[in-house]
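Please work through the exercises below with the sequence and the coordinates at hand. Each task is followed by a solution in steps.

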Amino acid sequence: MSDTARMALTTRTPSFRCRYLAWAAGAVLASALLGLAPMAPPAYAFTGGNHERITREALDGFEPVSLDLLANAKSGAIVADDQGPYFDLGPMHCDNADFLQSPPGAAPYPRTREQATDELLACVGSSVARFKRALSLADGLVDPDGRVRANQVDLFAPCDFDDSDRGTAKCNVLEHLGRGWHPIEDFYSHSNYADEHDPTRPVGVTNPVGLHRTAVAPFFDIRRYSTLGTNAWRAQAARLIPRDLTTGCYKDFQSDYTLADCTGRVMHDETLAKDAAGSSRSLIGDNFNKARTLATRDIARQWDLFRAALLERYAAKNRGSVMVCAITHDHPDRDC
Ligand SMILES: [Zn+2]
């Protein structure tokens, strides 16, 4: 959620940027979608105040340093997907899942419903992959007898969220949680799921219909999808996607590694994004708060489900509940 940051990046020297991104995008996108570890990306500084606010409001039971590692607007895991080459990977931000039903007789929309659904499923899939990594790396937080591993939870050294999994178990788990939740937060900002269109103008490509949904999206059933094969969960999720759901086109890499061509499409910045309270779509009705409220509710759900998955998977010797304590507490060796 950082229009300004995106603008700043897109004005960097384009020839270098395109060459660099063409090289980086394939490796990082494939790695992120498959849950593998790619090379470390360079870090740029971005603001992510709304990501921070949503994440802080969604989470309960976190002590201050641990919460800051997740939620900090500049350095938290929640904004790691807005940094380096990840910033330009559409599925990390639910971009380019745009589709509009054309009226009878009008030219067809440049993208099909199936293409839009594929991009949204790539976004859901990036979250599923992160969930699985976080769940399996949590194993390193606690020894086989159920005791916290002090050297894996220590917060004296800062976490390096470079997607290498070379940090402590605690840093690694927080990183994958943050990177997996980022697209979900973005979804509510970048889509018409929770918002409404401008009632004073005709509905169309510059004013796509708002779906005004007030419950979290059923197709971010990340925990359950993490237990299913890819084809199975994709089929289930696809059936839950409303036909008139759209996100915005942003000139970044789509899931097939091509740069989005936004000609004739619903635009991210100009039309649909509610990344900041002052965007044109945010200013319609109470759109900004609607998006923020559902994003917050969804991250609360995702944290509940991750906790439940830890308790279930690591039930022996109560390891799962010690893991929850190790993730949320700043001095787990003393307090868990
Ligand atoms: Zn984003």
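The exercises that follow concern a predicted model.

**Exercise 1. Overall fold**

Determine how many helices and strands the protein chain has, and what share of its residues is buried.

Solution. 
1. The protein chain has 13 helices and 0 strands; read from the N terminus, the order of elements is therefore α-α-α-α-α-α-α-α-α-α-α-α-α.
2. Of the 336 residues in the protein chain, 57% are buried.
3. Among contacts with a separation of 6 or more, 70% join residues 24 or more positions apart.

**Exercise 2. The zinc site**

Identify the residues that coordinate the zinc ion, and explain why the arrangement of the donor atoms is classed as it is.

Solution. 
1. The donors are Asp82 (OD), His93 (ND1), His182 (NE2) and Asp186 (OD), at 1.9 to 2.7 Å from the zinc ion.
2. The angles subtended by the 4 donor atoms run from 83 to 175 degrees. A tetrahedral assignment for four donors requires all angles to lie between 85 and 135 degrees. The arrangement is irregular because of the angles found here.
3. Along the sequence, the spacing of the donor residues is D-x10-H-x88-H-x3-D.
4. Asp82 belongs to the loop between helix 4 (64–71) and helix 5 (113–137), whereas His182 belongs to helix 7 (residues 169–190); the pair therefore ties together parts that are 100 residues apart in sequence.
5. Asp82 and His182 are both buried.

**Exercise 3. The nonpolar cores**

Find which residues of the largest nonpolar core touch the most other members, and which elements give two or more residues to this core.

Solution. 
1. The largest nonpolar core has 66 residues, and those touching the most other members are Leu141, Phe187, Tyr188, Phe219, Phe220 and Phe306.
2. Two or more residues each come from helix 3 (49–58), helix 4, helix 5, helix 7, helix 8 (222–225), helix 9 (230–240), helix 11 (287–313) and helix 12 (319–328).
3. Another core, of 6 residues, lies apart from the largest one; its members include Leu100, Ala116, Val266 and Leu272.
4. Beyond four places in sequence, the contacts of Tyr188 include Tyr193, Val216, Phe220, Lys274, Leu294 and Asp298.
5. In helix 4, the buried residues include Ser66, Leu67, Leu69, Leu70 and Ala71. Helix 3, helix 7 and helix 12 are among the parts that cover the buried residues of helix 4.

**Exercise 4. Buried polar residues**

State whether Ser189, Arg319 and Gln254 are buried or exposed, and describe the surroundings of each.

Solution. 
1. Ser189 is in helix 7. Its relative accessibility is 1%, so Ser189 counts as buried.
2. Arg319 is in helix 12 and is buried because its relative accessible area is 12%, under the 20% cut-off. The side chain of Arg319 reaches the backbone oxygen of Val142 at 2.7 Å. Beyond four places in sequence, Arg319 touches Asp139, Val142, Asp143, Pro144, Gly146 and Tyr314.
3. Gln254 is in the loop between helix 9 and helix 10 (268–272). With a relative accessible area of 4%, Gln254 is buried. The side chains of Gln254 and Arg111 form a polar contact (3.4 Å).
4. Gln254 and Met92 are 162 residues apart in sequence, and their C-alpha atoms are 9.8 Å apart in space.

Technical notes: Residues are numbered from 1 along each chain as its sequence is written. This is a predicted model: local features need pLDDT of at least 70, side-chain atom pairs count only at pLDDT 80 or more; totals for chains, interfaces and linings use all residues. Side-chain values use heavy atoms; hydrogens and water are left out. Donors are N, O and S atoms within 2.8 Å of the metal (3.2 Å for Na, K and Ca); water is not among the atoms, so sites may look incomplete. Four donors count as tetrahedral if all angles lie between 85 and 135 degrees; four count as square planar and six as octahedral if opposite donors are over 155 degrees apart and all others between 65 and 115; anything else is irregular. Helices (H or I, at least four residues) and strands (E, at least two) are DSSP runs, numbered from the N terminus. Buried means under 20% relative accessible area, exposed over 50%, partly exposed in between (1.4 Å probe, protein chains only). Contact means heavy atoms within 4.5 Å. A nonpolar core is a set of buried Ala, Val, Leu, Ile, Met, Phe, Trp, Tyr and Cys residues joined through side-chain atoms within 4.5 Å. A polar contact is a pair of N or O atoms within 3.5 Å; within protein, one must be able to donate a hydrogen and the other to accept it, and residues adjacent in sequence count only if both atoms are side-chain atoms.
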